[in-house]
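Please look over the model below before reading the points. They are meant to be checked one at a time against the sequence and the structure.

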Amino acid sequence: MATMYDVPADDLIEALADDLADRLEEPEWGKFAKTGVDRELPPEQDDFWATRAASLLRKVADRGPVGVERLSTEYGGAKGGSNRYQVAPNRRTDGSKNLIRTILQQLEEEDLVETAEGEGRRITAEGRSLLDDTAGSVLEELDRPELERYA
């Protein structure tokens with residue numbers, strides 16, 4: 001049985017996003033929201049909401065229990081210093097906490113993530129099962145000889 005650690009993360013997230021696209025609904029404001037202070041425009045990706053949800057589910061499973069604050073730190077970036085001449089050095093900024101919190105709430109409604117009082121959010125047994133089943137199907141589809149030992 002393959003686990004989420006046995007397959008490349010980008011392939012797993014892509015396959016999970018296909019599954020979560022049917023389960024999660026992007027709110028109306030989702031297509032207009034930036035993903036952080038360091039961004040100028042909202043994402044152009046069509047399936048951004050499902051892809052971010054898949055990425056969050058994987059991060060919660062890997063690092064859980066984890067809170068919104070730490071997750072926003074991981075999805076942050078570097079914001080330019082001065083607007084006019086760019087002479088000030090870049091400074092680190094966080095990602096959108098509202099976006100992360102809303103996706104985590106939707107994952108909770110789907111019973112894939114649960115809240116651990118005072119600790120943040122952690123993955124449920126159903127969420128772990130979804131990750132492992134998806135990893136198994138991704139591993140079967142991959143044509144990479146170095147991953148054969150995990151099959």
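**Notes on the model**

1. Asp-94 is buried, with a relative accessible area of 19%; buried means under 20% relative accessible area, exposed over 50%, and partly exposed in between, using a 1.4 Å probe and protein chains only. Asp-94 is found in the loop between strand S2 (91-93) and helix H4. Helices (H or I, at least four residues) and strands (E, at least two) are DSSP runs, numbered from the N terminus.

2. This is a predicted model, in which local features need pLDDT of at least 70 and side-chain atom pairs count only at pLDDT 80 or more, while totals for chains, interfaces and linings use all residues. Residues are numbered from 1 along each chain as its sequence is written, and side-chain values use heavy atoms, with hydrogens and water left out.

3. Which side chains does Asp-94 join through polar contacts? One is that of Arg-92, at 2.4 Å, and another is that of Lys-97, at 3.5 Å. A polar contact is a pair of N or O atoms within 3.5 Å; within protein, one must be able to donate a hydrogen and the other to accept it, and residues adjacent in sequence count only if both atoms are side-chain atoms. Leaving aside neighbours within four places in sequence, Asp-94 is also in contact (heavy atoms within 4.5 Å) with Gly-36, Val-37, Glu-69, Ser-72, Thr-73 and Gly-76.

4. For the overall layout, the protein chain has five helices and four strands. In sequence order they follow the pattern α-α-α-β-β-α-β-β-α. The C-alpha trace spans about 55 × 40 × 30 Å along its principal axes.

5. Of the 151 residues in the protein chain, 42% are buried. The chain exposes about 9,100 Å², and carbon and sulfur atoms supply 43% of that area; accessible areas come from the Shrake-Rupley method with a 1.4 Å probe, and for residues only the protein chains shown count as cover. Among contacts with a separation of 6 or more, 62% are between residues 24 or more positions apart.

6. How many positive and negative side chains does the protein chain have? There are 20 positive and 34 negative ones, and the centres of the two sets lie 11 Å apart. In this count Lys and Arg are positive and Asp and Glu negative, with His and the chain ends not counted; the place of a charge is taken as NZ of Lys, CZ of Arg, CG of Asp or CD of Glu.

7. Side chains of opposite charge can pair when their charged atoms come close. A salt bridge is a side-chain nitrogen of Lys or Arg within 4 Å of a carboxyl oxygen of Asp or Glu, and by this rule the count comes to ten. One of them is between Arg-63 and Glu-74, with the closest N and O atoms 3.3 Å apart. This pair links distant parts of the chain, eleven residues apart: Arg-63 belongs to helix H2 (residues 48-63) and Glu-74 to helix H3 (residues 68-74). Both are partly exposed, Arg-63 at 38% and Glu-74 at 29%.

8. Glu-108 and Arg-121 form another salt bridge, at 2.4 Å from N to O. Here too the pair links distant parts of the chain, with Glu-108 in helix H4 (residues 97-109) and Arg-121 in strand S4 (residues 120-123), 13 residues apart. Glu-108 is partly exposed, with a relative accessible area of 26%, whereas Arg-121 counts as buried at 14%.

9. Glu-114 and Arg-122 also form a salt bridge, their closest N and O atoms being 2.9 Å apart. Glu-114 is partly exposed at 33% relative accessibility, and Arg-122 is partly exposed at 34%. Elsewhere, salt bridges that share partners join Lys-59, Asp-62, Arg-63 and Glu-74 into one network.

10. Where is Lys-34? Lys-34 lies in the loop between helix H1 (9-23) and H2, and counts as partly exposed at 34% relative accessibility. A polar atom of the Lys-34 side chain is 2.9 Å from the backbone oxygen of Arg-39. Lys-34 and Ser-96 are 62 residues apart in sequence, but their C-alpha atoms are 7.3 Å apart in space.

11. Most residues other than glycine have a negative phi. Asp-111 has a positive phi, near 65°. Asp-111 lies in the loop between H4 and strand S3 (113-116) and is partly exposed, with a relative accessible area of 42%.
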